[in-house]
Amino acid sequence: METKLFDVTDLKCAKAQLAEAASLLRAGGLVAFPTETVYGLGADAMNPKAAEKIYAAKGRPSDNPLIVHIAEEEDLARLTDVVPDAAKKLMKAFWPGPLTMIFQKKGEVPDKTTGGLDTVAVRMPDHPVALALIRQSGCPIAAPSANLSGRPSPTKWEHVYQDLSGAIDVILQGEPCRVGIESTVLDMTGDVPMVLRPGILTPEQIGRVIGREVVLDPALLIHRPRDVSEEAAPAPKAPGMKYKHYAPKAEMVILQGEHSRVKAEIKRMAEEKEKQGIKVGVILFDEDGFERAAHDFFSKLREMDENHVDLILAGALSDKDSVGFAVMNRMWKSAGYHVIHI
Ligand code: TXA
Ligand code: MG
């Protein structure tokens with residue numbers, strides 16, 4: 001299949017391309033598009049055959065449910081009958097934006113879209129191209145991140161092209177994504193809202209809006225599964241959180257400790273390894289540059305691969321900060337939980 005590339009950086013000049021992408025979606029095709037978090041790989045969420053194509057193109061395990069993207073609050077009624085008051089408040093405060101909420105699903109939502117679960121994840125992306133595409137297609141759009149399963153999430157259209165060209169109908173070429181890590185996933189089906197995947201939108205921000213504390217899926221707090229026996233480690237409630245993820249081709253090690261010592265140790269290790277003929281890449285963010293780190297992390301991982309780096313040395317961010325924690329959640333996974341404490 002030839003993948004069409006449509007430049008949508010100026011939406012006014014891209015009306016015809018957008019209309020073509022929307023009609024391909026309606027016909028069961030796959031269209032990659034920019035959102036504020038990462039690029040998504042979209043298909044008609046209500047068409048099981050279309051949803052199935054997403055799994056095939058990404059090489060994604062079929063038990064890993066997709067997030068359904070909508071453009072108006074009214075569209076939620078097509079997906080669920082149960083919207084708790086807290087969820088209504090959160091929609092007002094944060095949609096469109098990087099918040100995905102999980103609801104009981106309606107019968108019409110195909111099992112293929114929800115990985116066989118009786119719940120559905122929904123979000124309204126804060127991006128003019130994504131919103132225009134959803135409106136024009138007239139269907140809720142199921143969209144995981146537009147990367148091959150296991151690879152770092154795409155924050156630029158070029159990343160989507162590297163992973164999926166030839167396997168999907170269209171890539172809408174927008175600007176690099178503003179946020180850089182995927183949305184916060186919040187389960188609204190239990191007694192207490194629970195964060196299943198941390199993101200740029202923090203539990204503190206969510207808690208302030210609903211006037212109560214938000215809990216974290218206990219599985220998120222196991223940072224070093226190597227220290228825990230398989231049986232003792234709780235299974236994450238978002239199926240996607242259990243897979244090997246974001247893996248660069250290089251080996252990756254995280255150095256954790258006081259910032260200036262980490263910096264010095266990375267320098268020392270890099271010199272030592274380079275002497276042995278090992279090509280080293282360094283990922284070191286400013287100590288308090290959490291949002292910048294979120295913005296750059298996935299794209300840096302891909303840069304390392306392009307530069308054929310053998311070993312990535314990465315400085316840990318503080319996981320006491322909620323955005324730092326969200327970035328660390330990705331960093332731990334990409335390094336296979338390989339952390340050196342110094
Ligand atoms: O920012 C984002 O959320 C991006 C953009 C494209 O919107 N999308 C994204 O989708 O990251 P994906 O498929 O890569 O990640 C979806 C996550 C997975 O961890 C999945 O297991 C979880 O959400 N999830 C989806 N539906 C769920 C459900 N019904 N119950 C529990 N977890 C669910
Ligand atoms: Mg993903």
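Helices (H or I, at least four residues) and strands (E, at least two) are DSSP runs, numbered from the N terminus. This is a predicted model, in which local features need pLDDT of at least 70, side-chain atom pairs count only at pLDDT 80 or more, and totals for chains, interfaces and linings use all residues. Residues are numbered from 1 along each chain as its sequence is written, and side-chain values use heavy atoms, with hydrogens and water left out.

## Helix 1 and helix 5

Two packed helices are described by the angle between their axes and the distance between the axes. Axes are lines fitted to C-alpha atoms, for helices over the stretch in contact, and angles run from 0 to 180 degrees between N-to-C directions. Helix 1 (residues 15-26) packs on helix 5 (residues 128-137) at about 55°, and their axes lie 8 Å apart. That angle makes helix 1 oblique to helix 5. Angles under 35 degrees count as roughly parallel, over 145 as roughly antiparallel, 65 to 115 as roughly perpendicular and the rest as oblique.

Which residues make the contact (heavy atoms within 4.5 Å)? Helix 1 supplies L18, A19, A21, A22, L25 and R26, while helix 5 supplies V129, A132, L133, Q136 and S137.

Helix 5 is mostly covered, with seven of its ten residues buried (under 20% relative accessible area; exposed is over 50%, partly exposed in between, with a 1.4 Å probe and protein chains only). Those buried residues are V129, A130, L131, A132, L133, I134 and S137. They pack against helix 1, strand 2 (31-33), strand 4 (67-69), strand 7 (141-142) and strand 8 (170-173). Just after helix 5, G138 takes a positive phi of about 75°.

## Salt bridges

Side chains of opposite charge can pair when their charged atoms come close. A salt bridge is a side-chain nitrogen of Lys or Arg within 4 Å of a carboxyl oxygen of Asp or Glu. By this rule the count is 18. Three of them are listed here.

| Pair | N to O distance |
|---|---|
| D163 and R151 | 3.9 Å |
| D217 and K237 | 3.7 Å |
| E265 and R268 | 2.9 Å |

Both D163 and R151 are buried. R151, D163, R302 and D305 are linked in a network of salt bridges.

Is D217 buried or exposed? D217 counts as buried, because its relative accessibility is 1%. K237 counts as partly exposed, at 46% relative accessibility.

E265 and R268 are three residues apart in helix 8 (residues 259-275), so about one helical turn separates them. R268 is partly exposed, with a relative accessible area of 42%.

Definitions and conventions
Chains are lettered from A and ligands numbered from 1 in the order in which they are written. Contact means heavy atoms within 4.5 Å.
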